[in-house]
Amino acid sequence: MRQVAAILIAPLTPALAVILFAVVASMSWPFNETDYKIFIGVASAVSYFSSFSVGLPVLYVLRKYGKLKLHHIALAGGVSGIAVFSLLQVFIALSFGSMAEFGILTVVWGFACGVCVAVSYALISGITSASNSFRP
């Protein structure tokens, strides 16, 4: 049951973390009525798609090789986040007929979002640094 809750809740964390960061950084609500709804919708859709297409296979591989620990999941989430963020940037650039430019922000945002999803998944499902599986 904890794994199902983790799969459903964890992909929401990057969008909520970005909104929380924006609110704390600006000391006010920096969004109008539709901006944050569109952002949460698009970010959640991308995050859920990425979690199912990349995250679950990575968890399967980590479990298969006995590396299902918090630090391994966080590192795999960060690397997966960079890959997904880069592919998303290429997709958006091709949609608008422009060139995709990869910079340090692509790496930082991708890594941060990937780690955010991975760590929240691990903590909700009960995976710790000491465990090699889920806690009962």
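Which residue just after H5 takes a positive phi of about 95°? That residue is Gly126, and we'll come back to H5 below.

## Before you start

What you're looking at is a predicted model, where local features need pLDDT of at least 70 and side-chain atom pairs count only at pLDDT 80 or more, while totals for chains, interfaces and linings use all residues. Residues are numbered from 1 along each chain as its sequence is written, and side-chain values use heavy atoms, with hydrogens and water left out.

The helix names are simple enough: helices (H or I, at least four residues) are DSSP runs, numbered from the N terminus.

## Helix H5

H5 covers residues 104–125. Its 22 residues reach 31 Å from the first C-alpha to the last, close to the 32 Å expected at 1.5 Å a residue. (The expected span is 1.5 Å times one less than the number of residues.)

Several H5 residues are buried, among them Thr106, Gly110, Cys113, Gly114 and Val117. Here buried means under 20% relative accessible area, exposed means over 50%, and partly exposed is in between (1.4 Å probe, protein chains only). Further along H5, the buried residues include Ala118, Ser120, Tyr121, Ala122 and Ser125. What covers them? The cover over the buried residues of H5 includes helix H1 (2–9), H2, H3 and H4.

Start with H1. The axes of H1 and H5 come within 8 Å and cross at roughly 155°. Axes here are lines fitted to C-alpha atoms, for helices over the stretch in contact, and angles run from 0 to 180 degrees between N-to-C directions. H1 and H5 are therefore roughly antiparallel to each other. As for the angle classes, under 35 degrees counts as roughly parallel, over 145 as roughly antiparallel, 65 to 115 as roughly perpendicular and the rest as oblique. The crossing of H1 and H5 is right-handed, meaning that the near helix is turned clockwise from the far one by less than a right angle. On the H1 side, the contact is made by Arg2, Gln3, Ala5, Ala6, Ile7 and Ile9, and on the H5 side by Tyr121, Leu123, Ile124 and Ser125. Contact means heavy atoms within 4.5 Å.

Now H2, which runs over residues 13–26. H2 and H5 pack with their axes 9 Å apart, at an angle of about 120°. That makes H2 oblique to H5. This crossing is right-handed too. Thr13, Pro14, Ala17 and Val18 of H2 meet Trp109, Cys113, Cys116, Val117 and Ser120 of H5.

## Helix H4 and its partners

H4 takes in residues 70–95, and its 26 residues should span 38 Å at 1.5 Å a residue; the end C-alpha atoms are 36 Å apart, which agrees. The buried residues of H4 include Ile73, Ala74, Ala76, Gly77 and Gly78. They pack against helix H3 (35–64) and H5. After H4 comes Gly97, which has a positive phi near 70°.

Leaving aside neighbours within four places in sequence, Ser80 is in contact with Val54 and Val58. Val54 sits in H3 and is partly exposed, at 27% relative accessibility. By the count that skips residues up to four places away, Val54 touches Ser80 and Val84. Val54 and Val84 are 30 residues apart in sequence, yet 8.4 Å apart in space, C-alpha to C-alpha.

Ala83 is another H4 residue, partly exposed with a relative accessible area of 40%. Ala83 and Val107 are 24 residues apart in sequence and 8.6 Å apart in space, C-alpha to C-alpha.

## The nonpolar core

How many residues make up the largest nonpolar core? There are 12 in all, including Ala6, Ala10, Leu59, Leu62, Leu68 and Ile73. H3, H4 and H5 each supply at least two residues of this core, with the largest share, 4 residues, coming from H5. By definition, such a core is a set of buried Ala, Val, Leu, Ile, Met, Phe, Trp, Tyr and Cys residues joined through side-chain atoms within 4.5 Å.

Met27 is found in the loop between H2 and H3. Met27 isn't a glycine, but has a positive phi of about 60°. The residue is exposed, with a relative accessible area of 73%.
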